[in-house]
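Reader: Could we go through this one together before I set anything up? I'd like to take the surface first and the fold after that.

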Amino acid sequence: MSTTAARDDRLTPNAKAFLQVLRARCGKGRETTITKGTAGNIMARSPRTIRRYLVDLVRFGYIELSTRCNAQGLHLGLTVKLTALALPFFEDAKSLARWLAETPAALFRPFAAVFDPGKEGVTSLSPKNQTQTISSYGNRKKADASRSTARERLLRRLEASFVPLS
């Protein structure tokens with residue numbers, strides 16, 4: 001989901017959360033059908049509050065609403081369509097193509113520094129994927145040594161306090 005809505009100060013926090021619920025209901029698509037009562041049950045809010053969230057989201061351009069009706073004209077619910085503001089930039093093919101065209105080829109080589117063709121199946125260490133030194137190994141030896149000495153001291157105290165009766 002786009003972070004535009006999360007950063008929008010005009011929306012209430014619950015309206016932002018409701019937009020996330022709508023985005024999740026859409027799945028890979030851009031549309032979902034829902035009633036205000038069902039949305040109220042999902043969000044634990046009244047249908048009137050859900051209506052306020054929907055009005056805010058429509059007003060600021062995050063969703064488009066249409067009423068869903070059957071053949072007799074009875075209202076079945078709302079069809080919610082997400083706009084480009086609610087979708088991440090890479091879901092729009094034109095903006096993704098523009099971003100890829102603007103990115104220099106040198107920056108868009110994610111595995112070039114990691115893979116070493118001279119060594120098959122082995123990646124070379126780099127600051128991007130691993131640290132060069134393992135600092136916890138030396139500390140582990142010291143901790144084991146201090147732990148064993150404490151254990152030995154405790155055993156010596158127990159042996160000294162224990163005196164056989166016979």
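Author: Leu155 counts as partly exposed because its relative accessibility is 46%, which lies between the 20% limit for buried and the 50% limit for exposed. Please keep in mind that this is a predicted model.

Reader: Which helix is the place of Leu155 in?

Author: Leu155 sits in helix H6, which covers residues 136-161.

Reader: OK, what about burial: what percentage of the 166 residues count as buried?

Author: The buried share is 23% of the 166 residues.

Reader: Switching to the fold, in what order do the elements of the chain run?

Author: Starting at the N terminus, the order is α-α-β-α-α-β-β-α-α, with six helices and three strands in the chain.

Reader: How do the strands pair, then?

Author: Strand S3 (residues 75-82) pairs in the antiparallel sense with strand S1 (residues 31-34) over four bridges, and S3 also pairs in the antiparallel sense with strand S2 (residues 63-69), over seven bridges. On the S1 side, Thr32 stands opposite Val80, while Ser66 has Thr79 in S3 as its bridge partner.

Reader: What lies between S2 and S3?

Author: Five residues separate these two strands, which form a hairpin, and Gly73 in the turn has a positive phi of about 95°.

Key:
Residues are numbered from 1 along each chain as its sequence is written. This is a predicted model: local features need pLDDT of at least 70, side-chain atom pairs count only at pLDDT 80 or more; totals for chains, interfaces and linings use all residues. Side-chain values use heavy atoms; hydrogens and water are left out. Buried means under 20% relative accessible area, exposed over 50%, partly exposed in between (1.4 Å probe, protein chains only). Two strands pair if DSSP finds at least two bridges between them.
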